[in-house]
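Hi,

Here is the structure I promised to pass along. Have a look at it first, and then read on for what turned up.

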Amino acid sequence: MPTSRNTALERVDALLDQPAETVDGFLDLLGAADQAGPPTGVTQRLMRTTLLPQVYERYWRPALGRALKGPFGPSMAGEVRLATELLGLKPGHTVLDVACGTGRFTRAFGAAVGPGGLAIGLDGARTMLAKAVAEGGPDTVAYLRADAVHPPLGESTVDGICCFAALHMFAEPETALDSFARVLKPGGRIVLLTSARHGRQPARLADSVGGFVSGQRMFDRGEIAASLRARGFTSITERYAGVTQIVAGRLR
Ligand SMILES: C[S@@+](CC[C@H](N)C(=O)[O-])C[C@H]1O[C@@H](n2cnc3c(N)ncnc32)[C@H](O)[C@@H]1O
């Protein structure tokens, strides 16, 4: 029997390691704080504005994504498909979409995990989550306002974690990766889309300047794969397009 949206929120609430209030259709652990964790710059700040979430999914993300991925990178639909495949989602799985924005990926994951599964969209921006809730989607989806670096879930609670277009804007990305390994079940899968600086000059310098100005960290090629390996992930795959990398792995 399909779970109701209310039930999905209750099921997420039951997984949390601290009490949460339901506000405007999502669980809120940040209360009056505007920002999850220390601010990292202009891009992260833009995400909290009222206007950006309204145009994010349709215009902003596809356009900026294409500019960063280059002509041969995956389309938005291709990214969603790839993330779903690399997570190996099955009916009944619980999946955490970290920094979910307006929930485009979360909704697809909610459909992939079927009526007995759960797709949790976590983000720090109220305006993004308000738009995600307004977009609707499968009854298996619920949203949570919390700090992505420290997801408020117990150890070994989820089967999959997706974190697309966000790790580079966290104040402590390495701590976030520690947290992701903590909340994933053994055998659980992770997929990340983040920045990838070119190896050669002058492109490398241009990437670094762009990252500095926008407040986003530019990771090196191979850096995320090595970070995952160090945390016990295996079966790691890496895909590079423009200044982006999609890295996936499975927790031992
Ligand atoms: C570029 S959007 C990515 C949205 C979606 N994952 C996608 O691929 O389109 C980045 C998101 O990260 C969120 N974010 C940034 N820092 C965060 C933090 N420390 N905790 C929670 N969310 C954060 C922003 O609010 C924003 O919604």
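Helix H4 covers residues 76–87, twelve in number, and its first and last C-alpha atoms are 17 Å apart, close to the 16 Å expected at 1.5 Å a residue. Please keep in mind that this is a predicted model. Buried in H4 are Glu79, Ala83, Thr84, Leu86 and Leu87. An α-helix has 3.6 residues a turn, so residues three or four places apart point the same way.

Cys162 and Ala166 have the most contacts inside the largest nonpolar core, a set of 71 residues.

On to the hairpin. Strands E8 (residues 233–241) and E9 (residues 244–251) pair in the antiparallel sense, with seven bridges. Thr234, for instance, has Arg250 of E9 as its bridge partner. Two residues lie between the strands of this hairpin, where Gly242 adopts a positive phi near 55°.

A few backbone details may be worth a look on your side:

- Ala165 is not a glycine, yet its phi is positive, near 60°. The residue sits in the loop between E6 and helix H7 (173–183). Is Ala165 buried or exposed? Ala165 counts as buried because 21 C-beta neighbours lie inside 10 Å, and the cut-off for that is 20 or more.
- Ser235, another residue other than glycine, has a positive phi near 50° and belongs to strand E8. Ser235 has 10 C-beta neighbours inside 10 Å, so this residue counts as exposed, the limit being 12 or fewer.
- Gln201 and Pro202 are joined by a cis peptide bond, with omega about 0°. Pro202 is in the loop that lies between E7 and helix H8 (203–214).

Happy to talk any of this through.

Best wishes

How values were computed
Residues are numbered from 1 along each chain as its sequence is written. This is a predicted model: local features need pLDDT of at least 70, side-chain atom pairs count only at pLDDT 80 or more; totals for chains, interfaces and linings use all residues. Two strands pair if DSSP finds at least two bridges between them. Helices (H or I, at least four residues) and strands (E, at least two) are DSSP runs, numbered from the N terminus. A nonpolar core is a set of buried Ala, Val, Leu, Ile, Met, Phe, Trp, Tyr and Cys residues joined through C-beta atoms within 7 Å. The expected span of a helix is 1.5 Å times one less than its number of residues.
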